[in-house]
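Here's a quick briefing for anyone meeting this structure for the first time. Take a look at it, then read on.

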Amino acid sequence: MNLYPKLAANAIRSNRQLYFPFILMSSGIIGVLYIMAALSTSDTVKACRGGHTLMTVLDYSIYIVAFFALLFMFFTNSFVLKRRTKELGLYNILGMNKRNLAGVMAFETLIMYVSSYIIGSVFGILFCKLAEAGLLKLAKGENHTGFTVSGHALKLCALIFLGIFFLIFLNSVRVVSFANPAQMFKSENLGEKPPRANFFLGLLGVAAIIFAYHKVLSMDIMMQEKLLANFAEAVIPVIAGTFLLFIAGSVLLCKILQKNKKYYYNKKHFVAVSNMAFRMKRSGAGLATISILTTMVLIMLSSTVAFYSQIESVMISDFPRENVFIGTYGFFDDSKRITLADADKRTTGIAAKAEGTDVVSYAKLNFVANGKNGEYNITGKRERYDSLEEGDCVFSLIPLDSYNRITGQSVKLADDEAIISSVSKNGYYADFLRFNDSKTYKTKTVDFDLFSQGRHYLNSFLVVMNDVSSYEQYASGITCFIMFNGDLSTEQMRVFGKETYAELKSDEVEGENPYRLGFESTTRQTSETQYSSVYSGLIFMGVMLTILFMGATILLMYYRQVFEGHEDYGKYQILRNVGMSRKDIKSTVDSLTFVTFLSPVLVAIAHTSVAMYFVHQFMVIQGMYGTLLLIATSAVVSIIFTLIYFIFYKLTSRTYLKIVGQ
Amino acid sequence: MSYLEVTNLKKIYTTRLSGNKTQALTNVCFTVEQGEFVAIMGESGSGKTTLLNLVAALDKSTEGSIILDGMDLSSIGEAQRATFRRDNLGFVFQEFNLLDTFTVEDNILLPLVLQGKKASDLHEEAVKAAACLGITDLLSKYPYEISGGQKQRAAVARALITHPKMILADEPTGALDSKSSDELLNQFVSINGGGQTILMVTHSVKAASRASRVLFIKDGTIFHQLYKGDASDTAFYQKISDTLTMLTTGGEK
């Protein structure tokens, strides 16, 4: 049978306005996927510090990209299919049965698959090196290998897209086999009902969005465990609300505008508004999708970029010294306790052996207390294991001599005086401190960042006082810090860590109820590479997904212009006859497409601004305080995105004007 | 001087790719007086629609002139043509050409809105025009809700609302059943009775028999014309029918 391939090739050629953009998009996706797959197994990436984490991030991203690829391609292909049912119906009437049609479509799909795969792989191979260089720059790795082609990536792309195209083929067969030829051949338009403005749904959409916005904006940083869950709860109303807003709300708006006679019966608005009411009913869902995709892109790009650029400052505040060793005694009801004085003695003892400069060592007493404005009740909760509720604060008590030792000062305090420093973002605003309604301390607030290793997301306060021993009974634990600068090899780190651990645990005897000693040793360097490889992987994924979303959005825009152009052709013909000049038609088209294409971006920017509040909270949890940076990044990202979007919108709207006969 | 003067009109289409030339109109001359109801008859491909498009200023002639009420159509540029159509002509088409997105009222008002009329006067105008055609109770309906005959009446109301110098009708009964056709033609006759000039292109002998004069066009030129004079509709119908037979069988004038 030589007919199928011939018919298939012919169909693609004669419908190139539909197929070429589709093939271009799938090639683009294949290219992106190739790059990610190639980098996830690249030796150069593996060789850079934190390469392993980076590769894990990339590995996950491949599946995310593949999933979106499936969605986009299905969606856009349904557009293509709709446009072609008439032609397929004609074949059917001319005597091809559904089997034959399936045969033609199989060849069409095959041609699309093979050509997209070839073009996409070439794209991928060409741009892979560039992407690799970019990624390595972000992850601060070195680039040595030359030009390579990844067999693994080629194979993976071939397989994934074989699957996607097969699903697309099945869907086409499904569409064709359920339609009857007369139906397929009939022209689309039989006149349609005017959209009804559904007040309830429109208002529901607005309400859902307001609810979600409120939920995000009223999130309490204290409830850090619920932060993500709260955000997730807000996402669904936003998505639902956006769909309702575009589908029902926009019709509602048009109806309201139509009620305003003075506005409606104006040359500029008359045709545009009535057209829009009809258009929105059908394309509202598409616009809502564009809007949500855009929101995702904006959030992803601006937050990852903002996070990435703050890693260094976080590292310095999280790691006041290059090497940090932390031992934490956790006390349980029946466990053995160690006094703060003992812990301090052991800590300073080990610190003396440290081979490095700027050695700092101290031990602090921790407990959780609930309250505010200076009045607190000690709860006996353990900061690490029990979930904290609203009003819970973590207090760390340090004796004055330790404080003077570390800071090199000789501060004197009266017995009813305390120095307090908040390491959380909330600060400490009272001028006194009282626990369990007993002794009252006059407080003065001081900033010291040397102790900021800890969890910033809590209301946690460091308190310095002459004698902390009366609070030892309440302590949920004692934390010992040994920190110093100096280039330690991995082996040296291990040895020193082991010695420290042994020393801290020195009086433990088998069989007793032990205190739980948690221990960790880290260097700023390892932590930094860990962070930067995660974030550079995320940025990279963000950029790749952005390319993908952009591509999908642009294609969606293009198809909509083509479809609506064909649909509106007759309409503008009538308008011309009635006496609308080309100029009037152009300005109507402009205002119409401007609103339909800009509205998703505007809504997306609104969503993004609110989501940035959450991102900001999340950032603070990570100990990042670059609020301005975050605002600037999201503003810049939004502006760039809108610009690119606008350029493509202009380009595609030309297609529309050409079709309606300008 | 006549109201509409078409002199030596010629239209040649050039196919874009092959460069082949097709002569749609070879040499058309005719005049229409104010208040006349003129029908143009001819077979498919005879050049009827081309002629109508030229008179409607939708297309430019290759040669010759069209003068409506002293205005030379070939002298006005593209931008003014739309305004010219809007202010001077009313259109009625075979396919009604109502916009699906507008109610009947808004469809009727479209030319007025394009003219920039004040919003406050519009409703009254629509009601007036609708009353003439007996569609007052359909004003708030959408095109998909009403019958073909009603749609065509709405289209006529739209054509009349600007009080145009001339109504151009292109196969206005082509998509209507016989009852609706009769009603529409009665309306045309009564509008014409009120002094409205009408130029109608049609296939239908019955439609043409209601006009005051019929022009026959063949191979791009006016071949013959008949005046109704005092003849009855039936007599005129017979006369037109005979002429058409002669035209198609190739008899002498």
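**A first tour**

A:Glu528 is buried, with a relative accessible area of 17% (buried means under 20% relative accessible area, exposed over 50%, and partly exposed in between, using a 1.4 Å probe and protein chains only). Before going further, note that this is a predicted model, where local features need pLDDT of at least 70 and side-chain atom pairs count only at pLDDT 80 or more, while totals for chains, interfaces and linings use all residues. Residues are numbered from 1 along each chain as its sequence is written, chains are lettered from A and ligands numbered from 1 in the order in which they are written, and side-chain values use heavy atoms, with hydrogens and water left out.

**Two residues up close**

- A:Glu528 sits in helix α16 of chain A; helices (H or I, at least four residues) and strands (E, at least two) are DSSP runs, numbered from the N terminus.
- Not counting residues up to four places away in sequence, A:Glu528 touches A:Ile311, A:Glu312 and A:Met315, where contact means heavy atoms within 4.5 Å.
- A:Ile111 belongs to helix α5 (residues 98-139) of chain A, and A:Ile111 is partly exposed, at 31% relative accessible area.
- Setting aside neighbours within four places in sequence, A:Ile111 is in contact with A:Pro5, A:Ala8, A:Ala9 and A:Ile12.
- A:Ile23 is 88 residues from A:Ile111 in sequence, and the two are 9.7 Å apart in space, C-alpha to C-alpha.

**Chain A overall**

- Chain A has 18 helices and 10 strands.
- Out of its 662 residues, 54% count as buried.
- Looking at contacts in chain A with a separation of 6 or more, 83% of them come from residues 24 or more positions apart.

**Strands under cover**

- Strand β8 (residues 459-465) of chain A has seven of its seven residues buried, so it is largely enclosed by the rest of the structure.
- On one side of β8(A) are A:Asn459, A:Phe461, A:Val463 and A:Met465, on the other A:Ser460, A:Leu462 and A:Val464, and all are buried.
- β8(A) pairs with strand β4 (residues 392-399) of chain A in the parallel sense over seven bridges; two strands pair if DSSP finds at least two bridges between them.
- A:Leu397 has A:Val463 in β8(A) as its bridge partner.
- Over in chain B, strand β6 (residues 89-93) is mostly covered, with five of its five residues buried.
- β6(B) and strand β7 (residues 166-170) of chain B pair in the parallel sense over five bridges, with B:Phe93 opposite B:Asp170 in β7(B).

**The second largest pocket**

- The second largest pocket has a volume of about 830 Å³.
- Of its 29 lining residues, the closest to the centre are A:Phe231, A:Met296, A:Ile299, A:Met300 and A:Phe614.
- A pocket is an open set of points on a 1 Å grid over the protein atoms alone where a 1.4 Å probe fits, with protein on both sides within 12 Å along at least five of seven lines, and lining residues have an atom within 4 Å of a point.
- Grid points are joined across faces, edges and corners, and a volume is the space filled by probe spheres set on the points.
- α11(A) gives the largest share of this lining, eight residues.
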